[in-house]
Amino acid sequence: MRRFSNVTTSIVFNESKKGYTKFPSDVLFKDYSRKLSVKEGWIAIDGLENALTKLCSLVLVERVLSRAKADYGKDTLLRILAAEPGEVVARYVQHSDPEKSSKYMKQLIRALELWSDG
Amino acid sequence: MGDKKMRKPVLLKVGWEKVEWPTQQIAEAIENLFGYLGDYKPEQLGYSKTAIMGPVGKLLSMIEASQFGESVESYVGHIINIHNQSSKKLITQAGIERLRKGVEILVDLKRRFTDRDFHRIVRSVDYGVYFRKAKEIAERHERKQEEAKKEGEQSE
């Protein structure tokens with residue numbers, strides 16, 4: 001509990017670009033904690049925020065596709081991962097009502113850009 | 001059994017030659033063909049691939065099938081002809097130059113890569129150009145909607 005209450009004042013909020021995970025403060029792990037640059041019981045994980053952004057954008061793409069019944073069923077996330085962004089847009093356009101497709105098009109394109117560039 | 005000699009093993013060189021994927025050239029081809037499509041105004045607007053890609057879709061399949069071999073001029077001439085028959089706007093000199101540059105890159109890639117790899121390259125260019133155009137149309141659509149909304153608010 002003490003560790004969680006310390007979180008608000010810890011490095012977690014000072015360095016939002018990184019992700020963090022807890023590390024046991026046991027003396028037995030002292031060497032490891034030094035090697036892993038553990039600070040205040042936490043280890044920084046580079047790129048976690050970027051990974052989460054990408055994952056969220058993938059989920060968003062999946063939602064837009066599902067809404068238009070253009071998803072790939074259970075494999076949707078994996079298929080989006082392997083597809084060209086343009087291929088996903090083409091599939092969405094093919095399956096959706098032309099008048100409604102423009103409504104979510106910008107959202108889909110933004111999410112695909114985040115996924116492929118971010 | 002004992003007289004039988006062991007066959008000499010036949011050694012084959014197995015493995016893939018490490019060929020660097022032409023990411024930069026693919027991006028340049030996309031950029032040039034996207035630029036050329038600035039001149040293409042289809043009869044019917046929409047997000048469909050046929051409407052958006054115009055003559056570029058035809059160009060990609062022609063280069064993949066080596067319809068005019070390595071003759072850049074022939075591809076460019078053929079596409080200009082299709083363009084001027086199907087677009088509401090005639091092709092400009094700048095459009096021709098962008099088209100030529102895109103064709104040059106693709107013909108060069110076709111020469112350097114296997115058919116299988118070139119198919120992947122064409123697919124990347126095809127969907128890359130389509131994505132850029134779809135994005136452009138979506139942004140334009142959004143801008144128009146915002147302007148209409150502002151005008152509506154002002155008139156109230």
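**Helix packing and chain contacts in the predicted model**

Read along its sequence, chain A follows the pattern α-β-α-β-α-α-α-α. The model is predicted. The secondary structure of chain A amounts to 6 helices and 2 strands. Of its 118 residues, 19% count as buried. Among the contacts in chain A that join residues at least 6 apart in sequence, 59% are between residues at least 24 apart.

One helix pair of chain A was examined through its axes. Helix α5 (residues 85-95) of chain A and helix α6 (residues 98-117) of chain A have axes that come within 10 Å and cross at roughly 160°. An angle over 145 degrees counts as roughly antiparallel, so α5(A) is roughly antiparallel to α6(A). The crossing of α5(A) past α6(A) is right-handed. On the α5(A) side the contact involves A:P85, A:V88, A:V89, A:Y92 and A:V93, and these meet A:S101, A:L108, A:I109, A:L112 and A:S116 of α6(A). By class, the residues of this contact comprise 8 nonpolar and 2 polar, with no charged residue.

A further contact in chain A links residues that are separated in sequence. A:S57 is found in helix α3 of chain A. The C-alpha atoms of A:S57 and A:L114 are 6.3 Å apart in space, although the two residues are 57 apart in sequence. When neighbours within four places in sequence are left aside, A:S57 is in contact with A:A111, A:L114 and A:W115.

In chain B, the axes of helix α1 (residues 23-36) and helix α5 (residues 93-112) come within 8 Å and cross at roughly 150°. α1(B) and α5(B) are therefore roughly antiparallel to each other. Their crossing is left-handed. α1(B) contributes B:Q25, B:E28, B:A29, B:N32, B:L33, B:G35 and B:Y36 to the contact, while α5(B) contributes B:G95, B:R98, B:L99, B:K101, B:G102, B:I105, B:L106 and B:L109. The residues of the contact of α1(B) with α5(B) divide into 7 nonpolar, 5 polar and 3 charged.

The two chains also touch each other. Contacts between them involve 15 residues of chain B and 13 residues of chain A. Helix α6 (residues 115-155) of chain B supplies 11 residues, the largest share of the side of chain B that touches chain A. That side of chain B consists of 6 nonpolar, 5 polar and 4 charged residues.

The largest nonpolar core holds 45 residues, of which A:V61, A:V89, A:L108, B:L33, B:V129, B:Y130 and B:A134 touch the most other members. α6(B) gives the most to this core, with 9 residues. A:V89 and A:L108 also take part in the contact between α5(A) and α6(A), and B:L33 belongs to the contact between α1(B) and α5(B). With neighbours within four places in sequence left aside, B:L33 is in contact with B:V56, B:G102, B:V125 and B:V129.

B:G128 lies in helix α6 of chain B. B:G128 counts as buried because 20 C-beta neighbours fall inside 10 Å. Apart from neighbours within four places in sequence, B:G128 is in contact with A:G86, B:I26 and B:I30. The C-alpha atoms of B:G128 and B:A29 are separated by 9.4 Å, and the two residues are 99 residues apart along the chain.

Most residues other than glycine have a negative phi. A:K69, which is not a glycine, has a positive phi of about 55°. A:K69 is placed in the loop between α3 (48-67) and α4 (76-82) of chain A. With 8 C-beta neighbours inside 10 Å, A:K69 counts as exposed. In chain B, phi of B:S66 is near 50°, again a positive value in a residue other than glycine. B:S66 is found in the loop between α3 (55-64) and α4 (72-86) of chain B. B:S66 has 13 other C-beta atoms within 10 Å and is therefore partly exposed.

Technical notes: Residues numbered from 1 in each chain as written. Chains lettered and ligands numbered in written order. Predicted model: local features only at pLDDT ≥ 70, side-chain atom pairs only at ≥ 80, totals over all residues. Contact = placed C-beta atoms within 7 Å. Helix = DSSP H or I, 4+ residues; strand = E, 2+ residues; numbered from the N terminus. Nonpolar A, V, L, I, M, F, W, Y, C, P; charged D, E, K, R; others polar. Buried ≥ 20, exposed ≤ 12 C-beta atoms within 10 Å, placed from the backbone. Axes fitted to C-alpha atoms, helices over the stretch in contact; angles between N-to-C directions. Parallel < 35°, antiparallel > 145°, perpendicular 65-115°, else oblique. Left-handed = near helix turned anticlockwise from the far one by under 90°. Core = buried A, V, L, I, M, F, W, Y, C linked by C-beta atoms within 7 Å.
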